[in-house]
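Dear colleague,

I am handing over the structure below, and after it I set out what was found. Please read the notes with the coordinates open beside them.

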Amino acid sequence: MPCPALPDGFDFTDPDLIQDRIPLPEFARLRQTEPVHWVTQPYRVSGYDDAGYWAVTRHEDVKYVSTHPELFSTNVNTAIIRFNESMDRDRIEVQKLIMINMDPPEHTRVRQIVQRGFTPRAIRSLEDALRARARSIVETALAGAADDGSFDFVTNVASELPLQAIAELIGVPQADRSKIFDWSNKMAAYDDPEYAITEEVGAEAAMEIVSYAMNLAAARKECPAKDIVSQLVAAEDEGNLSSDEFGFFVILLAVAGNETTRNAITHGMHAFLTHPDQWELYKRERPATTAEEIVRWATPVVSFQRTATQDTELGGAWIRKGDRVGIFYSSANHDPDVFESPEEFDIGRDPNPHLGFGGGGPHFCLGKSLAVLEINLIFNAIADTMPGLRLTGDPRRLRSAWLNGVKELRVSTGPGARP
């Protein structure tokens with residue numbers, strides 16, 4: 001069925017579009033008229049030698065693609081739906097060393113190893129330290145605010161706890177967290193001209209992370225400690241990671257565990273301050289359902305992609321072997337067939353089967369429990385320390401083809417609020 005409501009050439013991965021807004025109205029039209037829709041792209045605009053991709057917009061179809069890796073591969077073309085025209089195939093191939101771009105059984109092997117660091121016991125062991133860090137982050141932001149109480153929420157609050165959590169998890173010295181922050185930004189922000197970062201700089205940053213992590217792994221092999229790095233790399237012949245596998249795992253952490261949680265926290269704060277009734281409810285009751293709604297509302301990863309391994313039918317469309325398939329979590333998380341009043345920010349929403357941590361299957365977010373913990377801890381600290389926080393400007397959004405990112409969010413506690 002044609003979808004005449006979409007303009008010719010409309011592309012859901014256009015970084016100029018994502019910098020301006022998430023195209024929720026266009027997603028809604030497709031869900032109603034053509035839930036699996038072919039999007040034509042100029043040759044190599046995404047770094048791929050093809051003519052476009054299939055946009056999958058319904059919740060049920062996103063879940064289907066996610067849970068059938070035998071039909072929809074993440075390894076063939078990686079999970080990244082759009083690089084840019086300067087991306088060559090050799091560099092795309094290198095991306096396949098990262099766990100998110102593996103298929104079973106290799107993905108299964110690596111995931112079984114790294115999930116040792118994300119057991120409930122492992123996450124609980126971090127809680128007290130991260131609670132103290134969350135409070136310290138918020139108090140430091142308050143103390144360092146300008147005379148009028150203003151500061152950038154992204155830099156001073158949202159970015160800090162995810163970085164510190166990663167450092168806590170894998171034993172990176174806190175003094176080095178700014179390096180991880182800088183490298184991960186360069187990896188993820190190559191589409192934003194404000195950062196003046198090329199694909200080459202992004203690749204160099206990735207290699208810096210790999211090198212740093214490999215050195216850390218080598219040190220733990222030489223002298224094991226009571227940390228997750230030692231558990232993951234100390235004895236390769238017993239099913240542990242090699243040094244280079246650990247390096248690429250840290251790349252995944254730097255983006256999946258840093259960029260996404262930072263943006264969830266930022267969007268969550270913006271949602272609270274533009275929905276004051278929900279902020280008052282949160283301060284009063286601290287509902288356990290809050291973090292899940294923040295992730296649904298924010299959906300930090302707009303989309304990932306898969307590649308069809310055989311001809312198959314999906315949502316009324318006939319997909320050919322080799323076609324790229326974009327699974328749009330932002331659309332799935334606003335599907336009215338699944339969510340009542342999805343346009344409302346409701347921290348009491350329950351049940352909340354959102355796909356902000358993925359659509360299930362082998363690539364469901366390994367760090368979900370850690371992300372939920374971080375979100376809960378930071379908003380508890382904000383509500384306790386800065387209950388009167390208010391917006392002083394609109395968010396400045398990241399130019400990206402697949403990340404729902406915010407570069408800056410100016411807020412204020414008001415004059416005289418500092419301790």
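In this model, which is predicted, Ala55 has Gly326 of strand 8 as its bridge partner. Strand 2 (residues 52-56) and strand 8 (residues 324-328) run parallel to each other where they pair, and four bridges join them. Both belong to an open sheet of five strands, whose order is 1-2-8-5-3 and whose pairing is mixed. Strand 1 (36-40) and strand 3 (72-73) each have a single partner strand and stand at the edges, so one side of each has no neighbour in the sheet. Helix 3 (residues 59-66) packs on this sheet, where it touches strand 1, strand 2, strand 3, strand 5 (303-308) and strand 8, and its direction makes about 125° with that of strand 8.

The largest holds about 50 Å³ of space, and its lining consists of Leu97, Met99, Met102, Val110, Val114, Leu241, Glu245, Phe248 and Phe249. By residue class, the lining of the largest cavity has eight nonpolar residues, no polar ones and one charged.

The second largest cavity holds about 40 Å³ of space, and it is lined by Val65, Ser66, Pro69, Phe72, Thr74, Asp103, Arg306, Pro362 and His363. Here the lining residues divide into four nonpolar, three polar and two charged.

With best wishes

Notes
Residues are numbered from 1 along each chain as its sequence is written. This is a predicted model: local features need pLDDT of at least 70, side-chain atom pairs count only at pLDDT 80 or more; totals for chains, interfaces and linings use all residues. Side-chain values use heavy atoms; hydrogens and water are left out. Two strands pair if DSSP finds at least two bridges between them. Helices (H or I, at least four residues) and strands (E, at least two) are DSSP runs, numbered from the N terminus. Contact means heavy atoms within 4.5 Å. Axes are lines fitted to C-alpha atoms, for helices over the stretch in contact, and angles run from 0 to 180 degrees between N-to-C directions. On a 1 Å grid over the protein atoms alone, a cavity is a set of points where a 1.4 Å probe fits but cannot get out, and a pocket is an open set with protein on both sides within 12 Å along at least five of seven lines; lining residues have an atom within 4 Å of a point. Grid points are joined across faces, edges and corners, and a volume is the space filled by probe spheres set on the points. Ala, Val, Leu, Ile, Met, Phe, Trp, Tyr, Cys and Pro count as nonpolar, Asp, Glu, Lys and Arg as charged, and the others, Gly among them, as polar.
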